[in-house]
Amino acid sequence: MILSLLQKNMRAIALSTYALAAMTCYADDDVITIECENPSEKSYVEIDERTGCSGQSGLCFHSWKGGYANYEFEAPKAGTYDLTFYYVTCEERWFSVKVNDQPMKAICCSETTPNWSGEPVLDEVTGDVITPGVLTKTVKVYMQEGSNIIQMQGLYKYYADNATNTEKPYSPILDKIEIKYSDTQLGEVTDAPEQIIRECEDYSTITSPAFTKNMGAFSGGCGVNLKSAGGAFSYVVNAATAGVYKLDIYYTYRAERWISVKVGDTKRMNVQFKTQTDQWEGEGSNNIDDHPAFFQRSVLIWLEAGDNTLTFEAYATPGSNNADSPSLDKFTLDLIECSEFVKPGYDILAKKVSLADIATFTADEEIDVTKLNDHNEYTGVTLAGKTALTVTAELPYAFQITSYSYSTNNNNEDWTVEISADGNDWTALSAGSKKDGSIYTYSMSDPSTAAKYVRVVASGTEDVNLNEIQLYGNPCVSESQNFPKGIFEANDITIDYNHEGFPSWNQKPENLFNDALNDLYAFSRGAENVYVTASLLEDMKATSYMISVSELWHHPKNWEIWGHDSGTDDWILLDEQTDIEFVAAKGSTLFFPIADPKTCYEYKIVFKDKDGELSKWQMFTDEQSVVTEISTIKTDDQATVGIAVSNGKLTLSSDTATNYGIFSLQGVNVATGVVQGTSNVSLPTGIYLVKVGNKVIKAAVK
């Protein structure tokens with residue numbers, strides 16, 4: 001980082017000869033060129049021959065080492081200047097520029113060149129340039145009259161989806177900078193707020209198994225580690241200005257690790273630490289000039305003005321069971337301008353799937369029950385002047401409940417959750433609890449008795465608030481039948497697989513089809529994904545499927561469902577799921593729709609996890625299915641309308657002209673029309689209410 005004292009010292013250094021010569025007779029339309037391979041000061045940069053660059057050389061920052069380069073510019077007058085950076089890159093790369101004490105500016109080089117040398121692609125006949133070998137990005141900066149320091153730094157690639165922030169630690173190859181007094185004057189800018197520096201051991205809260213460790217080489221004599229799943233540290237940081245901040249995390253480790261980073265209740269980023277330090281705990285380096293003891297990982301985040309809660313949490317990337325983190329020394333925060341930054345929304349903690357998705361909800365008050373199962377704890381109901389509410393979920397058949405969640409902002413100490421087999425006799429559930437945000441999750445030490453009804457009874461002294469209800473458990477259709485019947489009958493299918501499981505422990509693929517909850521299929525894959533294929537005696541169109549687990553030990557999280565299409569004889573991807581959580585420690589079954597069903601003669605499940613255990617995979621035809629997102633509606637005037645969802649598109653079909661309306665869960669009308677034949681409506685990902693005639697159904701668009 002560049003500090004004020006360093007800047008003052010640097011401004012006292014004699015100007016380089018090229019700058020002096022350039023400033024002799026400066027006019028507003030003059031362009032000053034600075035070759036990037038000639039900085040006045042540099043640290044952890046790579047300067048190589050690049051034959052297509054203006055000086056036949058280019059500069060690249062090693063972002064993980066904190067690489068930077070300083071350049072001096074003598075401005076004849078104060079004002080706005082255009083800085084045009086010439087660069088070479090074959091992939092999207094980032095860097096930052098900072099002038100004097102102003103905020104940094106992030107520069108995204110997303111347009112790519114045909115090679116790394118900077119050589120253009122020429123027409124073989126005419127010699128004309130077909131594709132330039134060097135591209136440009138221009139930013140406007142304020143220069144004070146006299147000496148100015150331009151500092152460029154490496155910057156990790158920013159990922160706007162705030163989900164998986166993989167490590168991209170190199171900058172583009174920088175050729176030169178052209179500086180020109182701008183035709184558009186923006187006025188003087190204010191200095192950036194002071195950099196925030198925080199030792200990682202100076203946390204506000206710690207969540208076990210995270211721990212601190214005395215490590216003399218660390219800046220505060222101590223470091224921290226998130227250890228494993230559940231480990232977390234949070235920090236209250238005060239930002240003088242709202243905006244985008246460059247978070248630099250200083251770390252050591254000798255293996256690839258990940259952590260999760262989030263601010264307040266906003267979406268978290270899962271951050272990869274791939275580049276390895278020389279030593280485990282920062283105890284020095286064999287070559288400090290080329291290899292610092294600590295590396296730094298930059299992430300762009302949004303801070304509000306005032307106090308913000310910054311949280312580091314343990315995270316295991318899919319396919320890995322290791323949620324250990326690097327050893328974290330300290331972190332810094334610097335305000336940075338980034339036009340590509342997308343301010344994150346809330347981090348939704350409600351799970352993607354639960355048994356509530358196949359339940360029918362009713363309440364003893366007039367409320368919009370669809371808000372209680374939209375997989376979003378930030379939408380719900382609050383009843384003014386009422387301190388009690390009972391919401392009942394009716395399941396399609398009996399389940400043994402193993403866990404449940406609900407979200408409320410109330411004091412819930414007087415709330416109960418009850419189950420019933422017949423809807424008349426009720427028994428309260430007793431379970432251990434944990435709280436995450438506004439979500440309370442309760443898990444049973446043993447599965448409940450079979451129940452078809454579950455109700456949440458809210459009471460207290462506050463206006464009752466309820467935002468989300470989610471249920472987990474395994475089917476208990478009858479005393480003699482655990483699972484519902486589907487298209488896979490053990491005696492009527494032929495199975496194939498590329499991993500035999502562990503037969504000596506009775507953990508083999510055949511167990512997926514024997515209807516015994518506690519018989520498992522377990523796998524631990526090598527280089528290839530594990531698959532199991534079930535071939536049918538006759539063609540069938542599956543419209544939904546279920547997966548069951550009896551324990552949480554390595555349950556599957558990421559998979560694909562494929563069908564061998566009877567018409568085309570091609571394998572077709574029917575469904576794909578990522579980061580699914582089964583939640584319940586004593587077993588759970590989840591049901592999933594197939595958005596665009598096909599008639600197939602065999603089906604295949606492909607597991608994307610490194611290892612896993614499950615007890616049941618079953619698929620259902622439309623007649624067998626209890627999934628309601630893909631269904632038909634029969635209106636009071638006997639018109640039948642089919643509803644299906646596929647690739648961000650909702651398809652309605654009807655033989656007779658029927659009015660329809662599509663609404664968001666907040667009641668906003670997003671589409672209206674008349675369907676006769678087929679109508680397609682493209683929609684963003686979300687859950688919608690589809691009103692056809694006088695009937696309403698909920699549909700999930702992926």
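In what order do the 5 strands of the open sheet with E36 and E41 stand, and in which sense do they pair? The order is E36-E38-E43-E40-E41, and the pairing is antiparallel. Strands E36 (493–497) and E41 (571–577) are the edges, each pairing on one side only. Neighbouring strands of this sheet are turned by 20° against each other on average, direction ignored. For such angles, axes are lines fitted to C-alpha atoms, for helices over the stretch in contact, and the angles run from 0 to 180 degrees between N-to-C directions. Strands here are DSSP runs of E with at least two residues, helices are runs of H or I with at least four, and both are numbered from the N terminus. Two strands pair if DSSP finds at least two bridges between them. Strand E40 (residues 559–565) is joined to E41 by 6 antiparallel bridges. Tryptophan 559 stands opposite glutamine 577 in E41.

The model is predicted: local features need pLDDT of at least 70, side-chain atom pairs count only at pLDDT 80 or more, and totals for chains, interfaces and linings use all residues. Residues are numbered from 1 along each chain as its sequence is written, and side-chain values use heavy atoms, with hydrogens and water left out.

The chain holds 2 helices and 51 strands. Its C-alpha atoms fill a box of roughly 95 × 65 × 60 Å along the principal axes. Of the 702 residues, 52% count as buried. Buried means under 20% relative accessible area, exposed means over 50%, and partly exposed lies in between (1.4 Å probe, protein chains only). The accessible surface comes to about 30400 Å², with 46% belonging to carbon and sulfur atoms. Areas come from the Shrake-Rupley method with a 1.4 Å probe, and for residues only the protein chains shown count as cover. Among contacts (heavy atoms within 4.5 Å) with a separation of 6 or more, 74% join residues 24 or more positions apart.

Another open sheet has 6 strands in the order E13-E22-E21-E24-E19-E16, with mixed pairing. Its edge strands are E13 and E16 (205–207), each pairing on one side only. Strand E13 (residues 164–165) and E22 pair in the parallel sense over 2 bridges. Here asparagine 165 has valine 271 as its bridge partner. Strands E21 (residues 257–263) and E22 run antiparallel and share 5 bridges. Valine 261 stands opposite methionine 269. The hairpin of E21 and E22 has 5 residues between the strands, and glycine 264 takes a positive phi near 55°. Further along the sheet, strand E19 (residues 232–239) and strand E24 (residues 306–314) pair antiparallel over 8 bridges. Valine 237 is bridged to asparagine 308 in E24.

Strand E22 (residues 269–273) is mostly covered, with 5 of its 5 residues buried. In a regular strand the side chains alternate between the two faces of the sheet. Met269, Val271 and Phe273 point one way from E22, Asn270 and Gln272 the other way, and all are buried.

Lysine 262 lies in strand E21. This lysine counts as buried because its relative accessibility is 10%. Lysine 262 touches Lys267, Arg268, Thr309, Leu310, Thr311, Glu313 and Asp347, not counting residues up to four places away in sequence.

The whole structure contains 22 salt bridges. A salt bridge is a side-chain nitrogen of Lys or Arg within 4 Å of a carboxyl oxygen of Asp or Glu. Glutamate 581 forms one with lysine 351, the closest N and O atoms being 3.3 Å apart. This pair links distant parts of the chain, 230 residues apart: glutamate 581 is in the loop between E41 and strand E42 (588–593), lysine 351 in the loop between strand E25 (327–337) and E26. Glutamate 581 is partly exposed at 42% relative accessibility, and lysine 351 is partly exposed at 23%. Lysine 452 and glutamate 394 meet in a salt bridge at 3.9 Å, N to O. Lysine 452 is in strand E33 (residues 450–458) and glutamate 394 in strand E28 (residues 389–407), 58 residues apart. Aspartate 515 forms a salt bridge with lysine 485, with 3.8 Å between the closest N and O atoms. These two residues lie 30 residues apart. Salt bridges that share partners also join Lys262, Arg268, Glu313 and Asp347 into one network.
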